[in-house]
Amino acid sequence: MFLIDDVLLSPAKGLFYIFKQIHKAAEEEFLNEEGVTAQLSELYMMLETGKITEEEFNNRESELLNRLEQIEEYKKKHFEVVDESEENEESEDEDEVRNVVVRKNKKRTKSSRNRKNNE
């Protein structure tokens, strides 16, 4: 029964896998901040060299900055973005908790040794 189900559902599973791969590729392209920042730096160079006017620069710059904001909002919404400073604080807190637990365990073992020695 399960073998028949697998055979009948394999085309659908294959299509699902293809759609997941397409979605993944599109998401990676959408979230490519480096490409947008490269376009921004290229845009600044074009303005400095006089290849584009101030008006064209302002229009394209606002589009690229909006794009960066969209990427940031998407990442905040779909991925848990944690600042490195927050990660460091969390790891320091975890280290403190571990140290307290280790100290308590050491005290317990010392007190239990003392009890055994007294008996």
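Of the 119 residues in the protein, 8% are buried, where buried means under 20% relative accessible area, exposed over 50%, and partly exposed in between (1.4 Å probe, protein chains only). The model is a predicted one, in which local features need pLDDT of at least 70 and side-chain atom pairs count only at pLDDT 80 or more, while totals for chains, interfaces and linings use all residues. Residues are numbered from 1 along each chain as its sequence is written, and side-chain values use heavy atoms, with hydrogens and water left out.

The protein holds 4 helices and 0 strands, and its elements run α-α-α-α from the N terminus on. Helices (H or I, at least four residues) and strands (E, at least two) are DSSP runs, numbered from the N terminus. Contact means heavy atoms within 4.5 Å; among contacts between residues at least 6 apart in sequence, 61% join residues at least 24 apart. The protein exposes about 10,800 Å², of which carbon and sulfur atoms supply 52%; such areas come from the Shrake-Rupley method with a 1.4 Å probe, and for residues only the protein chains shown count as cover.

Helix α3 (residues 54-78) has 25 residues and reaches 36 Å from its first C-alpha to its last, close to the 36 Å expected at 1.5 Å a residue; the expected span is 1.5 Å times one less than the number of residues. Phe57, Glu61, Leu64, Leu68 and Ile71 are buried in α3. An α-helix has 3.6 residues a turn, so residues three or four places apart point the same way. The buried residues of α3 pack against α1 and α2 (33-49).

Glu61 is buried yet has no salt bridge, and Arg60, the nearest side chain of opposite charge, is 11 Å away. A salt bridge is a side-chain nitrogen of Lys or Arg within 4 Å of a carboxyl oxygen of Asp or Glu; Lys and Arg count as positive and Asp and Glu as negative, with His and the chain ends not counted. Not counting residues up to four places away in sequence, Glu61 touches Leu40, Leu43 and Tyr44.

Ile52 lies in the loop between α2 and α3. Ile52 counts as buried because its relative accessibility is 11%. Leaving aside neighbours within four places in sequence, Ile52 is in contact with Leu43, Met46, Leu47 and Phe57.

Phe19 belongs to helix α1 (residues 2-30) and counts as exposed because its relative accessibility is 53%.
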